Amino acid sequence: MSKQPQLNTGELPSRADTDTRANAGACGAEGASNPARRNVLKASALASLAGAGGIAGGLGMKSALAADAAKLPEDYVAPGKLDEYYGIWSSGQSGELRLIGMPSMRELMRIPVFNFDGAIGWGITNESKRVLGRNAPLNGDLHHPHMSLTHGRYDGRYIYVNDKANTRVARVRCDVWRTDRIIDIPNVQAIHGIRPQREPKTGYVFANAEFRVPAPNDGRFLDDPKNYHSMYTAIDGETMEIAWQVLVDGNLDNTETDYEGKYSASTCYNSEGAVTLAGYMQNERDWVVVFNIPRIEAAVRAGKFKTIGNSKVPVVDGRHGSPYTLYVPVPKNPHGINATPDGKYLTANGKLSPTTTVMSWAKIDQWFAGKLKDPRDVVVAEPQLGLGPLHTAYDGRGFAYTTLFIDSQIVKWSIADAIAAYQGKKVNYIRQKLDVNYQPGHNHSSMGETRDADGKWLVSLNKFSKDRFLPTGPLHPDNDQLIDISGDQMKLVADCPVYSEPHDVTIVHRRFLMDKVRRVWDRADPFFAETVKQAKTHGIDLEKDSKVIRHGRKVFVYMWSAAPQFGLNEFKVRKGDEVTIVVTNIDHIEDLTHGFCLANHGINMEISPGETASVTFKADKAGVYWYYCTFFCHALHLEMRGRMLVEA
Ligand code: RUQ
Ligand code: CUA
Ligand code: CA
């Protein structure tokens with residue numbers, strides 16, 4: 001930490017346990033054992049109430065008490081009632097997307113993206129492998145889920161997500177909640193922040209590369225960090241093709257877009273171009289890099305770009321001094337970057353500085369028009385908030401909520417008052433500090449990244465849970481805390497344990513989504529269209545036919561499934577055959593999913609109503625192998641099985 005902040009604690013008593021804040025690394029353990037810290041926590045009656053109420057899976061009996069305490073009985077989601085919001089959760093190194101109902105905080109569904117999923121056969125079925133790519137890694141590091149937008153409002157089409165682990169971006173369809181595209185990003189390493197364009201619609205999906213590498217990274221340059229680069233990538237959100245890349249100075253961390261379709265901006269914590277921890281922290285200021293989209297597009301049209309290695313992607317040089325970018329110096333190793341829902345400002349959170357830097361899109365516009373000289377002239381406020389500011393969310397009423405990682409708090413502050421203070425007025429811009437448990441990273445408010453920010457709920461995604469749950473071995477769950485922000489004061493409502501390791505969440509009101517979600521598959525769905533086409537070439541009617549077709553050593557086994565039966569009771573192949581099994585669920589009845597599991601072959605797949613799923617494998621063991629249904633579909637579900645007979 002460079003300096004102690006001038007904490008402006010508003011109405012809350014100031015906290016005495018400053019030594020627990022002093023060291024980000026130690027505070028994880030410190031908070032649990034330090035009695036001073038525990039007393040501070042007890043000072044918040046709501047916090048301890050919610051602590052007693054936190055149970056796995058969300059609001060249960062005791063959490064209902066916590067909800068009472070927060071005076072939210074009308075928001076309690078009773079049995080049979082539906083949540084008001086979809087929480088679209090990332091899962092970090094688990095590589096999947098999760099749907100969590102809010103405010104109940106009950107997990108609704110998991111959507112595999114970069115990861116293997118044995119329940120639905122993601123990574124097993126041909127349909128999933130077409131999306132993943134053959135031989136693709138089956139892990140990912142999925143940090144940021146964002147929904148596509150039209151005119152700054154959610155449009156319920158797609159969720160875009162990053163994979164930091166393997167430098168990919170994926171898209172999930174919001175009608176069937178299935179991943180439909182995964183693309184590799186060339187010329188860079190470790191995609192971290194991503195954002196869809198807000199205006200006129202998505203549009204581009206922007207992706208930051210966090211690690212600097214040589215370009216091309218083919219071994220020509222190795223231990224020569226001066227030749228390392230990062231780039232900003234624009235992906236066409238419709239075709240999922242890469243439109244262009246911009247070469248930048250430093251690295252890129254998180255990114256954000258404006259509400260006009262004109263600019264986007266990223267934080268950079270490594271203006272030093274360093275490759276060591278000490279190196280990354282050398283400069284007192286790093287940057288927010290602003291990208292001028294129309295100018296970059298014009299450069300691409302005019303052929304002012306180069307390509308790198310085998311990649312055909314146009315790369316525009318946006319380093320210092322270029323007309324395409326603006327480098328705003330901001331303190332120090334900035335992290336989260338978030339646009340206000342009124343479309344006026346964006347904030348970059350200091351991380352190693354107790355400040356958040358507020359910039360004005362209008363001033364950015366003036367800077368590019370040559371009307372402002374100093375890049376710092378686009379800054380309109382720099383409030384001191386507390387230690388370790390990481391991310392900021394908004395309520396649409398002019399207040400901002402910033403996570404303080406080291407302080408283990410959320411600070412609520414007024415944007416207008418922070419701007420007034422920057423202009424020299426004596427105002428207290430801090431409204432409240434709320435203890436969270438513990439060490440929050442992201443937070444997110446309901447509808448907060450859109451024009452429809454409604455200021456009802458905030459989730460604090462806490463990296464440590466320590467003493468908040470029954471012990472689960474050395475690996476602890478995270479603790480995602482639900483906070484009511486509808487009133488003057490934030491109120492902690494529930495503790496929710498989550499498996500490793502959500503970074504971020506997007507909270508979407510159900511009115512943007514519910515009616516768009518399909519209950520059964522359309523037989524013409526593109527997700528399995530390839531398989532349907534292949535069946536046609538074999539003269540198969542998937543709704544009616546169950547038969548075996550042999551082409552040399554390739555065997556195609558077609559069968560329907562209808563509770564409690566598969567279309568084939570048995571089929572015969574020869575050892576060494578390449579077998580493709582295609583199962584079509586002809587029960588077009590909501591919730592009537594079948595599974596197909598082949599014993600001792602590592603094969604299981606889900607076939608939901610109307611779906612066709614297929615798997616290809618080598619029959620390399622002679623003998624009798626039973627296949628059976630894995631989704632409980634009928635009173636005779638256990639009897640829903642058949643035999644594969646493999647001749648020696
Ligand atoms: S980052 S804790 Cu991967 Cu979104 Cu900020
Ligand atoms: Cu079909 Cu169980
Ligand atoms: Ca730095």
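This is a predicted model: local features need pLDDT of at least 70, side-chain atom pairs count only at pLDDT 80 or more; totals for chains, interfaces and linings use all residues.

**Inside the protein**

Q: Which strands each supply at least two residues of the lining of the largest cavity?
A: A cavity is a set of points, on a 1 Å grid over the protein atoms alone, where a 1.4 Å probe fits but cannot get out, and lining residues have an atom within 4 Å of a point. Helices (H or I, at least four residues) and strands (E, at least two) are DSSP runs numbered from the N terminus. On that basis, the strands that each put in at least two residues are β8 (189-196), β13 (255-257), β18 (337-339), β22 (389-394) and β26 (440-445).

Q: What pLDDT do local features need in this model?
A: Residues are numbered from 1 along each chain as its sequence is written, chains are lettered from A and ligands numbered from 1 in the order in which they are written, and side-chain values use heavy atoms, with hydrogens and water left out.

Q: How much volume does the largest cavity have?
A: Searching the whole structure turns up 4 cavities of 30 Å³ or more. A volume is the space filled by probe spheres set on the grid points, which are joined across faces, edges and corners. For the largest cavity, that gives about 190 Å³.

Q: Which residues lie nearest the centre of the largest cavity?
A: Its lining has 5 nonpolar, 13 polar and 4 charged residues, where Ala, Val, Leu, Ile, Met, Phe, Trp, Tyr, Cys and Pro count as nonpolar, Asp, Glu, Lys and Arg as charged, and the others, Gly among them, as polar. Of the 22 lining residues, those nearest the centre are Arg195, Asn338, Thr392, His444 and Glu449.

Q: Between which domains does the second largest cavity lie, and why?
A: This one has a volume of about 60 Å³, and its lining includes Gly121, Arg178, Phe527 and Glu611. By class, the lining splits into 4 nonpolar, 3 polar and 4 charged residues. Domain bounds come from an automatic or database domain assignment. Both domains give residues to the lining, so the cavity lies between domain 2 (85-516) and domain 3 (532-647).

Q: Which residues are closest to the centre of the largest pocket?
A: A pocket is an open set of points with protein on both sides within 12 Å along at least five of seven lines, and the largest holds about 1200 Å³ of space. Among its 37 lining residues, the closest to the centre are Leu108, Met109, Trp177, Val517 and Arg518.

Q: Which strand gives the most to the lining of the largest pocket?
A: By class, the lining has 22 nonpolar, 3 polar and 12 charged residues, and domains 2 and 3 each provide at least three of its residues. Strands β1 (85-90), β3 (107-112) and β7 (178-184) each supply at least two. With 5 residues, the top contributor is β3.

Q: How many charged residues are in the shell around ligand 1?
A: A residue is near a molecule if one of its heavy atoms lies within 4 Å of it. The residues around ligand 1 include His143, His144, Asn254 and Lys463. No nonpolar residue is in this shell; 9 are polar, and the charged count is 1.

Q: Is Val615 buried or exposed?
A: Val615 sits in strand β38 (residues 612-618). Leaving out residues up to four places away in sequence, its contacts (heavy atoms within 4.5 Å) include Ile124, Asn126 and Val579. Buried means under 20% relative accessible area, exposed over 50% and partly exposed in between (1.4 Å probe, protein chains only). At 2% relative accessible area, Val615 is buried.

Q: Where is Asn135, with its positive phi?
A: Most residues other than glycine have a negative phi, and most peptide bonds are trans. Asn135 has a positive phi of about 60° although it is not a glycine. It counts as exposed because its relative accessibility is 81%, and its place is the loop between α6 (126-132) and β4 (146-150).

Q: Is Thr167 buried or exposed?
A: Thr167, not a glycine either, has a positive phi of about 55°. It is found in the loop between β5 (153-163) and β6 (168-173). Since its relative accessible area is 9%, Thr167 is buried.
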